[in-house]
Amino acid sequence: MLAISIEQKDGKAYIRSPYNADFVRRVKLMGGKWDADSRRWVVCSDAVDAVRKMMVEIYGESDESPAFETVTLIVEFLRDASSPSGPYCLAGKPLAIATGRDSGAKPGEGVAFIEGSPKSGGSAKNWYTIIPAGCVCEIYRVPKSKAVELLSEQPTDYKVSIKSQNQVDLEELVREKKKLLERLSEINRLLNQLNP
């Protein structure tokens, strides 16, 4: 995942973060300007506290308060989803990125499409990043607070779940072991009856 960082020098703060349309809109309202040379946003150093607060709201973390607990989200798209003239984002992260109508789309950093693939479409002037219905993707290293927030929204276009870190169900294994031991005991009784 692209690191979130803020470097301060000469009264300015240079901000690096994953692309998010809400972040772009809000950092511009804080006087932020895009510095193409360093590929970072630049704001007055006095705005750093406000920027950090905004990062926590959007990404679930900032440079000074990283997410201590992260999860992997599984997103199953039930309908086509799209974003005009930019990446399609969920949980503060770009899932798919197109740069024009004919560019196609690629997964965002820290995202894997398990089924299906994103694409681009629309017209030359009004293009979209599109995630077709049936696509399934995993989003890695999502702050748990952002995951819980997304799960509580109950969206209709997609289904979201948290991927279990522990794929083994301990209770199910104990039940299976008990059944196998009972069956083994039964087999031993039958063998003893046949071979006295």
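Strand E8 (residues 93-98) is joined to E9 by three bridges, and the two run antiparallel. Helices (H or I, at least four residues) and strands (E, at least two) are DSSP runs, numbered from the N terminus, and two strands pair if DSSP finds at least two bridges between them. Within this pairing, Ile 97 has Lys 106 in E9 as its bridge partner. The model is a predicted one, where local features need pLDDT of at least 70, side-chain atom pairs count only at pLDDT 80 or more, and totals for chains, interfaces and linings use all residues. Residues are numbered from 1 along each chain as its sequence is written, and side-chain values use heavy atoms, with hydrogens and water left out.

Zooming out, E8 belongs to an open, antiparallel sheet of three strands in the order E7-E8-E9. Strand E7 (88-90) and strand E9 (105-107) sit at the edges, each pairing on one side only.

Next comes helix H3 (residues 144-152), with Lys 146, Ala 147 and Leu 150 as its buried residues; buried means under 20% relative accessible area, exposed over 50%, partly exposed in between (1.4 Å probe, protein chains only). Seen down the axis of H3, these residues fall within an arc of 100 degrees (taken over the directions from the helix axis to the C-beta atoms), so they line one face of the helix. Their cover includes helix H2 (48-59), strand E5 (70-77), E7, strand E13 (136-143) and strand E14 (158-162), where contact means heavy atoms within 4.5 Å. After H3 comes Gln 154, with a positive phi near 50 degrees.

As for cysteines, zero disulfides (pairs of cysteine sulfur atoms within 2.5 Å) turn up in a search of the whole structure. Cys 135 has the sulfur of Cys 137 as its nearest cysteine sulfur, 7.8 Å away. Cys 135 is buried at 2% relative accessibility, whereas Cys 44 is partly exposed at 41%.
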